[in-house]
Number of protein chains: 2
Amino acid sequence: MSAVKSQKEKLGRITIKAIKEVATNIDKRIARMRKPEITFPVRSLGNVRYDPRKGYFELGKDRSARTLSVNTAKSFAQTLKMMALSKELVETNDFATKRDAYYQSKNWGDARFDDQSESDTVMDDIEAMFSVHGVSREQLCYVPDEHGGAVAGDLIVYDTDIQTGKTEKIDCTKFGSGAYSIPSLVEQLTFETNAKFVLCIETGGMFQRLQSHKFWRKSKCILVSLAGVPTRATRRFVRRLSDQCKLPVYAFVDCDPYGMSNIYRTLKVGSGNAAHLSQFFCVPKTRFLGVTPQDIIDYDLPTHPLLDVDVKRAKDALKNDPFFKTHKPWQKAIEQLLKMGVRAEQQALAKWGLNYVIEEYLPQKLAQRDRFLP
Amino acid sequence: MSAVKSQKEKLGRITIKAIKEVATNIDKRIARMRKPEITFPVRSLGNVRYDPRKGYFELGKDRSARTLSVNTAKSFAQTLKMMALSKELVETNDFATKRDAYYQSKNWGDARFDDQSESDTVMDDIEAMFSVHGVSREQLCYVPDEHGGAVAGDLIVYDTDIQTGKTEKIDCTKFGSGAYSIPSLVEQLTFETNAKFVLCIETGGMFQRLQSHKFWRKSKCILVSLAGVPTRATRRFVRRLSDQCKLPVYAFVDCDPYGMSNIYRTLKVGSGNAAHLSQFFCVPKTRFLGVTPQDIIDYDLPTHPLLDVDVKRAKDALKNDPFFKTHKPWQKAIEQLLKMGVRAEQQALAKWGLNYVIEEYLPQKLAQRDRFLP
């Protein structure tokens, strides 16, 4: 059970090593009387690769260097101060949000941030820079301000009480109708489970139904509420769970371009303008359970007409998205949806009874997992 | 521990009694060959009372009647079908979201809803109608689609597994850095605690800091993350906790008109256009810990200028809001804020160190609870 603690310590060592490496390089250049510089990966769609075997968008090899000059002096100093703060956070077992970091800077004299957008930019730079070292923003102990999603089912989570150092055992089968709320920082968590898969659910209402009726018990799974586009903490939690326990992940979302692209595609392979995050946040083992356009026909679901924004999003996916362009079954599904001209919510299954989803739909779909969209 | 089950059964009996009462009245009128009618409370600011001793906005005595006619036949039928569905939900120990109810109606023949806005309106009518009987929408087993907030600290929650009927004991001291996620429906929960107060926190980042550092342990409290304006489930959870365990509630939010009015005022006394909810959702024992305008001066906090929308909201509160108009200390505080022309976020305390809030600010404030704003 001290696995949690040793996991945290190991990550801390890796993070501090990366920070020292960057800092030492700057120091060396100064010692050789050369202008110090920091190297960042180029963040643009042109510097992104997608290899379906790897399963997620990767950052390419393009780099840009920021050399110390009169114009860059302040942001250069801020970048180093942010790195120093990160080192301190790792060493003191603490963390900071973007806002915390902004307000902390008020005591950095001339290097203080005048505006939060300034500190956000430096934070993004640091994140991209350290992603090249395989170190995430969360490992730098900069945590998101949003909560993670809710979790219930056949899962035990181990976490530490940072005050007492004691390991806490969190049994996600024992929450009544409630759930486990994922913390901002999940790197230290370890897991124990007999589940066969993770079911990620778009809406809070559907999650509540499956949790209250203990769908996970019969189907041996873990339920995760995405509540729309999942937060960083939720994505990272699902990724670590999937990796550590070797579990496939199934997405159960609305049948519309938003559910397919913004939610599912982002969860599985990431997004174009943030490819430096993919290595930490993407869950390549994810497959699309439903609701599919074919389900609308097979289950005679009530629908709404596609909005203009839906049509635009779907056409964009077919034309520009390396993920959908790689997978034929997805192109067919999206074309079918466009042809039908309608969308359906996952709760539309309630037409056939509130618990039809539990008694019929999900068991039928899960019996034919090879038919899930890739 | 079977308190949970008997609480649920008691509520179910009250709900069914109220549904039957309304239905019987309609039936009687029909039997006497008179046009059936349903009575609703008038929902407008003119039909709202505020008695500071009671502590929340109350619905006045104005009622309007809807009589069955050619024009109202469909919505009349829909109202009755929704009541019948509610009765079924109570009897089968189930629940439905607004969306579930909408899709269920697709099998109601001519009484089906064509659009979700239609079913939402009928739901709101039913909610107002039954509030007069002291029965909330949640007791009718219509649950919100959003999640509740996160909870951590000195609290044990008892809930039932509706599949096995077993009572689950949820110990909120044992979540590591995570938390307990409040379910949509909290009516059945019972509590056990030695805490002295409930601390409601506006931002997820601040909640995470207080939870990770176990602030609740030393200060003997329960932490609740509001994540902005609290959801129905969160408000009801805090209300039931405060009532059942006789605990005061302290709000810790940003120092701006949004934190004071939209978050604090709504949590404590409700809002004008939804006074029929107050009896279930308001937490009259809430007091305002901070951040106050005076704190900005006393703690020399970094600020942002008030936006036009802030100024408008503040002036509105002074001029039109019965709550702020009743409490002199609030008028002074808002006038002070307007004069200073700035606002401050709760995380601004990080200027003095990330854990200054835990080591200095909160202990100092809590030592002078009589100074909290009403």
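How do the residues that form the lining of the second largest cavity divide into nonpolar, polar and charged? The analysis concerns a predicted model, in which local features need pLDDT of at least 70, side-chain atom pairs count only at pLDDT 80 or more, and totals for chains, interfaces and linings use all residues. Residues are numbered from 1 along each chain as its sequence is written, chains are lettered from A and ligands numbered from 1 in the order in which they are written, and side-chain values use heavy atoms, with hydrogens and water left out.

The lining in question divides into six nonpolar, one polar and one charged residue; here Ala, Val, Leu, Ile, Met, Phe, Trp, Tyr, Cys and Pro count as nonpolar, Asp, Glu, Lys and Arg as charged, and the others, Gly among them, as polar. The lining consists of B:Pro257, B:Met260, B:Ser261, B:Arg313, B:Ala314, B:Ala317, B:Phe324 and B:Ile334.

A cavity is a set of points, on a 1 Å grid over the protein atoms alone, where a 1.4 Å probe fits but cannot get out, and its lining residues have an atom within 4 Å of a point. Grid points are joined across faces, edges and corners, and a volume is the space filled by probe spheres set on the points. Five cavities of 30 Å³ or more are counted by this rule. The largest cavity holds about 60 Å³ of space. Its lining includes A:Gly205, A:Met206 and A:Arg209, together with B:Asp100. Helix α5 (residues 204–212) of chain A contributes the most to this lining, with three residues. By class, the lining of the largest cavity comprises five nonpolar, four polar and two charged residues.

In chain B, the axes of helix α5 (residues 204–212) and helix α14 (residues 356–366) come within 10 Å and cross at roughly 95 degrees. Axes are lines fitted to C-alpha atoms, for helices over the stretch in contact, and angles run from 0 to 180 degrees between N-to-C directions. The helices α5(B) and α14(B) are therefore roughly perpendicular to each other (65 to 115 degrees). B:Met206, B:Arg209 and B:Leu210 of α5(B) meet B:Val357, B:Ile358 and B:Leu362 of α14(B), contact being heavy atoms within 4.5 Å. The residues of this contact are five nonpolar, no polar and one charged.

Chain B is superposed on chain A by a rotation of 180 degrees with 0.0 Å of shift along its axis (RMSD 0.0 Å). That is the relation of a two-fold axis. Copies are superposed by least squares on the C-alpha atoms of residues with pLDDT of at least 70 in both. Of the interface residues of chain B, 98% are also interface residues in chain A, so the copies meet through the same surface.

In the backbone, a cis peptide bond runs from A:Gly290 to A:Val291, with omega near 5 degrees. A:Val291 is located in the loop between β15 (286–290) and α10 (293–298) of chain A.

Terms used: Helix = DSSP H or I, 4+ residues; strand = E, 2+ residues; numbered from the N terminus. Parallel < 35°, antiparallel > 145°, perpendicular 65-115°, else oblique. 1 Å grid on protein atoms, 1.4 Å probe; cavity = no way out; pocket = protein on both sides within 12 Å on 5 of 7 lines; lining within 4 Å.
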